[in-house]
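Here is a short walk through a model that may be new to you. Please keep the sequence and the 3D view open while you read the points below.

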Amino acid sequence: MLSRREARRLNGALLRQRPVREEYMSIHKNAIDSIILGVEDYNSTDPRRLLSATRNLVAGTMLLIKHKLASLSPPGTDEALLKERVLPEMDGKGGIKWKGKGRKTVDVQSMEDRCKSLGIDVDWQRVRKIVAHRNDIEHYFPSLTQNALRTLVADSFIIIRDFLRTQLNEDPLIVLGAPTWTTLTGVADVYKKEKDECLANIASINWDFSTVQDAMEDWQCPKCGSGLIDVLNPKSDKWDAHLQCRACGTEYDFETAAEAALGDANASHDYYSIKEGGDPATVICPECTHDTYDLEADHCLICGESVERSCKQCGERIPASELDGSGYCGYCNHMMSKDD
Ligand SMILES: [Zn+2]
Ligand SMILES: [Zn+2]
Ligand SMILES: [Zn+2]
């Protein structure tokens, strides 16, 4: 471990090593300013500033990554790596140079593609999580509380800390300053301790399918967005499980929680699959009527029921949308109903 003084010196040296180009240094400054402001908002007693806290923290996190992309863009390319539009130009020496065009910067997906291609290591799952969480907060959680916001603060903290250290070689304590840093670490430590308790309680129950347990572990409260979903009666039978959000107190029974958690877990798979004409991960279970019939595993993740997938009349595979538990495909069902 370095002493603080040594760390500061090392940091100063690292900063001096880099070519100082004004435009990308200002992205760095904006990133740090946003994060500091976001933490001030979070610490404020004014509930209206909590919305501003989410915007600033997420914006600051994204700006840190953009700063890295800007700093890696070759000189004279107008921050090509940062721009959504990149066009080739003759460089006057018989070669071609890719130049960034316009003001629009890359979206999250393009940032991810470019970083991956450049070997810049970022926890993208967590990045997508905070971006989605911020959107949810803007649209669905009108009465935001500091307690509910801890999930987003803790997630942002992990991305910011790791990115500063491993990608920018900066000491987060020094760059962010002690007040911001101690708030972030404090929130993240308490959050982690509570999350671990919740996870242990979730793991104490036999959910029959690991898919269900995984979804429960990642589930965020639909009422407030907190990731602290606890089981009030650990070790109980899954059908008796009593779940509760630690941030807002909303209670959920097993069936409600499992259906919602699986829906959230499959949301992005379903989005891409349906866009390409495929099936969703789950359909309505003919037995228990929850949207938890897993098409790939061929059983319901709540009631465990497995239904006939080949039509008893024509022998064809029954399309997912026609699974009604009758054992016939939609066409044969239709033809048979005409006969009588
Ligand atoms: Zn809640
Ligand atoms: Zn079922
Ligand atoms: Zn049939």
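1. Let us begin with the overall make-up. The chain has 11 helices and eight strands, where helices (H or I, at least four residues) and strands (E, at least two) are DSSP runs numbered from the N terminus. This is a predicted model, in which local features need pLDDT of at least 70 and side-chain atom pairs count only at pLDDT 80 or more, while totals for chains, interfaces and linings use all residues. Residues are numbered from 1 along each chain as its sequence is written, and chains are lettered from A and ligands numbered from 1 in the order in which they are written.

2. Next come the dimensions and the burial. The C-alpha trace spans about 85 × 60 × 35 Å along its principal axes. Of the 340 residues in the chain, 34% are buried; a residue is buried if 20 or more other C-beta atoms lie within 10 Å of its own, exposed if 12 or fewer, and partly exposed in between, with C-beta atoms placed from the backbone. Among contacts with a separation of 6 or more, 50% link residues 24 or more positions apart. Two residues are in contact if their C-beta atoms, placed from the backbone, lie within 7 Å.

3. How is the chain divided? There is a domain 1 (17–196) and a domain 2 (204–273), with bounds that come from an automatic or database domain assignment. The centres of the two domains, taken over C-alpha atoms, are separated by 29 Å. In the contact between them, 11 residues of domain 1 meet nine residues of domain 2. On the domain 1 side, α5 (124–140), α6 and α8 each supply at least two residues, and α6 gives the most, with four residues.

4. The largest nonpolar core deserves a look of its own. This core has 79 residues, and those with the most contacts inside it are Ile-65, Leu-149, Val-153, Phe-163, Ala-258 and Ala-261. A nonpolar core is a set of buried Ala, Val, Leu, Ile, Met, Phe, Trp, Tyr and Cys residues joined through C-beta atoms within 7 Å. Why does the core lie between domain 1 and domain 2? Both domains give residues to it, so it lies between them. Ala-258, one of the residues named above, touches Val-212, Thr-292, Leu-301 and Ile-302, leaving aside residues up to four places away in sequence.

5. Now for the helix packing, starting with α3 and α6. Two packed helices are described by the angle between their axes and the distance between the axes. Axes are lines fitted to C-alpha atoms, for helices over the stretch in contact, and angles run from 0 to 180 degrees between N-to-C directions. The axes of α3 and α6 are 10 Å apart at an angle of about 15°, and these helices are therefore roughly parallel to each other. Angles under 35 degrees count as roughly parallel, over 145 as roughly antiparallel, 65 to 115 as roughly perpendicular and the rest as oblique. Among the residues that make this contact are Leu-57, Ile-65 and Lys-68 of α3 and Leu-149, Val-153 and Phe-163 of α6.

6. Helix α3 (residues 48–72) also packs on helix α4 (residues 108–118), at about 55° and with the axes 11 Å apart. The pair is therefore oblique. Ile-65, Leu-69 and Leu-72 of α3 make the contact with Met-111, Arg-114, Cys-115 and Leu-118 of α4.

7. A further pair is α6 and α8, whose axes come within 9 Å and cross at roughly 115°. That makes α6 roughly perpendicular to α8. In α6, Arg-150, Thr-151, Val-153, Ala-154, Phe-157 and Ile-158 meet Leu-184, Val-187, Ala-188, Tyr-191 and Lys-192 in α8.

8. Asn-169, in the loop between α6 (146–167) and α7 (172–176), has a positive phi near 50° without being a glycine, and it is partly exposed, with 13 other C-beta atoms within 10 Å. Asp-208 sits in the loop between α8 (178–203) and α9 (210–218); its phi is also positive, about 75°, and it is not a glycine. Is Asp-237 buried or exposed? Asp-237 counts as exposed because it has 10 C-beta neighbours inside 10 Å. Its loop runs between β3 (229–231) and β4 (242–245).
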